[in-house]
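Please look over the sequence and the structure below before reading on.

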Amino acid sequence: MSIFRNRAASAAIVAVAAGALTLTACGGGSDSSSKDNSKTKEDAKSQSKPVQIGDEKASTGPAAEIPGAKPGGVATVYQEADFSHLDPGQIYVSDGKLLSRLIFRGLTQYNEDDNGNLTVVGDLATDAGQVSDGGKTWTYTLKDDLKDENGKPINAADIRHTVERLYASYITDGPTYLQQALSGAGTTYRKAYEGPDKGKHLPDTVLETPDDKTIVFKFKVAQPDLPQMLTMPGYSVVPEESDTKAKYDSDPVATGPYKIADFKPGKSMKLVKNPQWDAKSDSVRHQYVDGFDIEMNHDDEDQTKTLLADQGGAKNAMMFTGQVATTQLQQVVGNKAAMKRTIQGYAPYVWQLNFNLDRVKDKKLRDAITLALPSASVFKADGGAYGGEVANSLMSPTTPGYNDTFDPFSRKAKPNGDVEAAKKLIKEGGFEGKKLVYAYGNTPVRQQQAVLIADALEKIGLDIQKKEIDSATWYEQVGKVKNGYDLYMTGWGQDWPSASTVIPPVYDGTQIQDGASNYSHINDDHVNSEIQRILKITDTAEATKAWGELNEYISKEVNPAAPIYYTKVFQIFGSNIGGIRYSSDSSYVDVTRIFLKK
């Protein structure tokens, strides 16, 4: 995607209070006086509505029918790059999340209404979870007659196996929230339990399966966000008998309405109906189309031109995580008929330029680079006002604790950078002519942005060595501790609206390892200790305030990454694609309701 392969996003923060779940709303101010119709920070605020917790009735299928929906036909999906992972335990990027919604199921999932309101419901489980012991114990009961694509029943042992395999040596990507909550923070969770590599089980004091239908999670500290956490693709079930371990990443077993019938890595994927999926057990998904033909190697410009033309097979085609290309923006916006088949949303991602702190050690150099970045030009290369806006912070406007007035590098006053201030720091530090390796993905948008960024940094006296990387394996390559690069962009979005899903995974120094999300390798004692302190705060308002303060410390005192732009989503679809709407859960099209109109 053009906002490509960002981390998955969206949901809300909940807290246990008097035995019930209460919600906090997201903050964020409006700064828009633009004359276009793109989304604003006010939309970001309205998109982060309180999440409801669904009971057994809300979790009972089938899903409500989509008005006008018809069965049959095959939808074509245009995709820029291959999926980096198919093993759910490894999935932690947006295109993988959309695919997972079609082929995988977990204990919980989001049910979303037409206004973007989200309710956590039971997916494989009968409800969103029964909580006790002040939020430390969560009990889930499986629905009846659940099967994988091979017809094998899904039971509690499969859920146990799904959790335990996350500790295996071949699981190198994906979320780690659950593992850390069960077995320790940071990288220590792997040390606390040797996992299936050693043929051992998690103790019943941590994870208990007293019978075939019951799963009990037991935590040392309250985990009020567990229902949201378990909606993530990374916690989708992997049936024990079907698990091929490392090979599962190329040939997974489906539990959702569709299964993989054919996969040619880097080229195409064909999804067909999974006959073992039972609509009566699923309150959030549909199975209208007969399948999805996913075609790869279609960049945003190709996707936009083809879908805008709306000829032949393109009428049945759609984007997953593609974005209306900047070069085609005016053609789409100026076409009233085309605009009727578009969707928009304010996504929760922050694109930032990471400094590899193992190599770029001088903060004065990092500050100079941050000041010089032409943020406005960079986001305009990614869809203009419909694709993003200048970021003033490492925290997104969709995240509680976001402060619109915090602007340490004067992004509002100088959105295209402060070259003179940057040059001054370069001269003071004696950095003239310093060589830095800037890595970027091999997609048109990233290539255009690389030129803009490299030119800006060369203007302040740096020698930028550009290094192009395959976008399909982008996060795997920059996620290596010894990646050999000085500068590289990543996009991060909250996994639910809480900074606890932003700051700990991205800036916790105890999580520096290959495959982790601390891309800058920041390891600051104050940051590390504050993360652990704030994670123990049970009052959500107090925690939100503390996360905001820590975010400001990280930016001003350490500056491990330079915020560049916040992202928006603007997608277009073929005229015969029905059911399209923006999903505040996936931050892209809601793939669970797609049908062909005729």
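Tyr140 and Phe217 are both buried in this predicted model. The search of the whole structure finds 13 aromatic pairs. Tyr140 and Phe217 make an edge-to-face pair, because their planes stand at 80 degrees, and over 60 counts as edge-to-face. Their ring centres are 6.1 Å apart. The two partners come from distant parts of the chain. Tyr140 belongs to strand 8 (residues 137–141), and Phe217 to strand 10 (residues 214–218). They are 77 residues apart.

Next comes a tilted pair, Tyr177 with Trp496. The angle between their planes is 50 degrees, so the pair is classed as tilted. Tyr177 sits in helix 4 (residues 177–183). Trp496 lies in the loop between strand 19 (487–493) and helix 15 (503–507). The pair therefore ties together parts that are 319 residues apart in sequence. Tyr177 has 12% relative accessibility and counts as buried. Trp496 is buried as well, with a relative accessible area of 2%.

The two pairs are set out here.

| Pair | Centres apart | Angle of planes | Class |
|---|---|---|---|
| Tyr140 and Phe217 | 6.1 Å | 80 degrees | edge-to-face |
| Tyr177 and Trp496 | 5.2 Å | 50 degrees | tilted |

Where does the charged end of Arg446 sit? It sits over the ring of Trp351, 4.1 Å from the ring centre.

Terms used: Residues are numbered from 1 along each chain as its sequence is written. This is a predicted model: local features need pLDDT of at least 70, side-chain atom pairs count only at pLDDT 80 or more; totals for chains, interfaces and linings use all residues. Side-chain values use heavy atoms; hydrogens and water are left out. Rings of Phe, Tyr and Trp (its six-membered ring) pair if their centres lie within 6.5 Å; planes under 30 degrees apart count as stacked, over 60 as edge-to-face and the rest as tilted. Helices (H or I, at least four residues) and strands (E, at least two) are DSSP runs, numbered from the N terminus. Buried means under 20% relative accessible area, exposed over 50%, partly exposed in between (1.4 Å probe, protein chains only). A charge sits over a ring if NZ of Lys or CZ of Arg is within 6 Å of the ring centre and within 35 degrees of the ring normal.
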